[in-house]
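Biologist: Can you put the structure up? I have some questions about how the pieces pack.

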Amino acid sequence: MITREMWEGELLDIDQTKEYFRLCSVRTEGFGEKHHILPKSVWPEYEHHKWNIIKLSYEDHYKAHEMLVSISKTENCRRKMLYAWNRVRNTREGLATTSEQYAALRLAHREML
């Protein structure tokens, strides 16, 4: 369970942060990717906690990283979230500029394998 005290110093306390946590509460059954709710680059102490690792659809994974950039409170957190989001956007198959493009590229990669 994530408490406010865990993220309060790094994430903004606004509706977008609540929306991020709502997005992370929707788990997917189909294809998707593993996501750390509290990213390990900022919160390494929670990296291996089962409650912190979820499976999101490709589209929701893209959106989660996009949201983390906008809700980052400190410069250090924002820099790390920008780096992670750019890693998500730059897939082996090309640059994804929307969550839909990202999902299509990831599915194409799965089919190719």
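Predicted model: local features only at pLDDT ≥ 70, side-chain atom pairs only at ≥ 80, totals over all residues.

Biologist: Fine. At what angle do H3 and H4 cross?

Modeller: The axes of H3, residues 58–71, and H4, residues 75–89, cross at roughly 155°. They come within 8 Å of each other. That angle is over 145 degrees, so H3 counts as roughly antiparallel to H4.

Biologist: Left-handed or right-handed crossing for H3 and H4?

Modeller: H3 passes H4 in a left-handed crossing.

Biologist: Which residues of H3 and H4 meet?

Modeller: On the H3 side there are His 61, Tyr 62, His 65, Glu 66, Leu 68, Val 69 and Ser 70. H4 brings Arg 78, Met 81, Leu 82, Ala 84, Trp 85, Val 88 and Arg 89. By class, the residues of this contact between H3 and H4 are eight nonpolar, three polar and three charged.

Biologist: And H2 against H3, what angle there?

Modeller: H2, residues 15–24, crosses H3 at roughly 155°, with the axes coming within 10 Å. That makes H2 roughly antiparallel to H3. The crossing of H2 and H3 is left-handed.

Biologist: What does H2 use to meet H3?

Modeller: H2 uses Gln 16, Thr 17, Glu 19, Tyr 20 and Leu 23. Among the H3 residues they meet are Asp 60, Ala 64, Met 67 and Ile 71. The contact of H2 with H3 has six nonpolar, three polar and three charged residues.

Biologist: Now H5. How does it sit relative to H3, in terms of the angle where they cross?

Modeller: H5 covers residues 99–112, and its axis crosses that of H3 at roughly 130°. The two axes come within 8 Å. H3 and H5 are therefore oblique to each other, and their crossing is right-handed.

Biologist: Who meets whom between H3 and H5?

Modeller: Tyr 58, Glu 59, His 61, Tyr 62 and Lys 63 in H3 meet a set in H5 that includes Ser 99, Tyr 102, Ala 103, Arg 106 and Leu 107. The contact of H3 with H5 splits into five nonpolar, two polar and five charged residues.

Biologist: You listed Arg 106. Buried or exposed?

Modeller: Arg 106 has a relative accessible area of 16%. The cut-off for buried is under 20%, so Arg 106 is buried.

Biologist: What does Arg 106 touch?

Modeller: Leaving out residues up to four places away in sequence, Arg 106 touches Glu 33, Tyr 58, Thr 91, Arg 92 and Glu 93.

Biologist: And Ser 99, buried or exposed?

Modeller: Ser 99, which is also in H5, is buried at a relative accessible area of 6%. Beyond its neighbours within four places in sequence, Ser 99 contacts Glu 59, Tyr 62 and Lys 63. Its C-alpha is 10 Å from that of Val 88, a residue eleven places away along the chain.

Biologist: Switching to the strands. How do S1 and S2 run?

Modeller: S1 and S2 run antiparallel and are joined by four bridges. One of the paired residues is His 36, whose bridge partner in S2 is Ile 53.

Biologist: Which residues of S2 are on the covered face?

Modeller: Ile 54 and Leu 56 are on the covered face of S2, while Ile 53 and Lys 55 are on the uncovered one. In general, side chains in a regular strand alternate between the two faces of the sheet.

Biologist: Last one, Leu 12. Where does it lie?

Modeller: Leu 12 lies in the loop between H1, residues 4–7, and H2. At 28% relative accessibility, Leu 12 counts as partly exposed.

Biologist: And what does Leu 12 touch?

Modeller: Not counting residues up to four places away in sequence, Leu 12 touches Trp 7, Thr 17, Ser 70, Ile 71, Ser 72 and Lys 73.

How values were computed. Residues numbered from 1 in each chain as written. Heavy atoms only, no water. Axes fitted to C-alpha atoms, helices over the stretch in contact; angles between N-to-C directions. Helix = DSSP H or I, 4+ residues; strand = E, 2+ residues; numbered from the N terminus. Parallel < 35°, antiparallel > 145°, perpendicular 65-115°, else oblique. Left-handed = near helix turned anticlockwise from the far one by under 90°. Contact = heavy atoms within 4.5 Å. Nonpolar A, V, L, I, M, F, W, Y, C, P; charged D, E, K, R; others polar. Buried < 20%, exposed > 50% of the residue type's maximum accessible area, 1.4 Å probe, protein only. Pairing = 2+ DSSP bridges.
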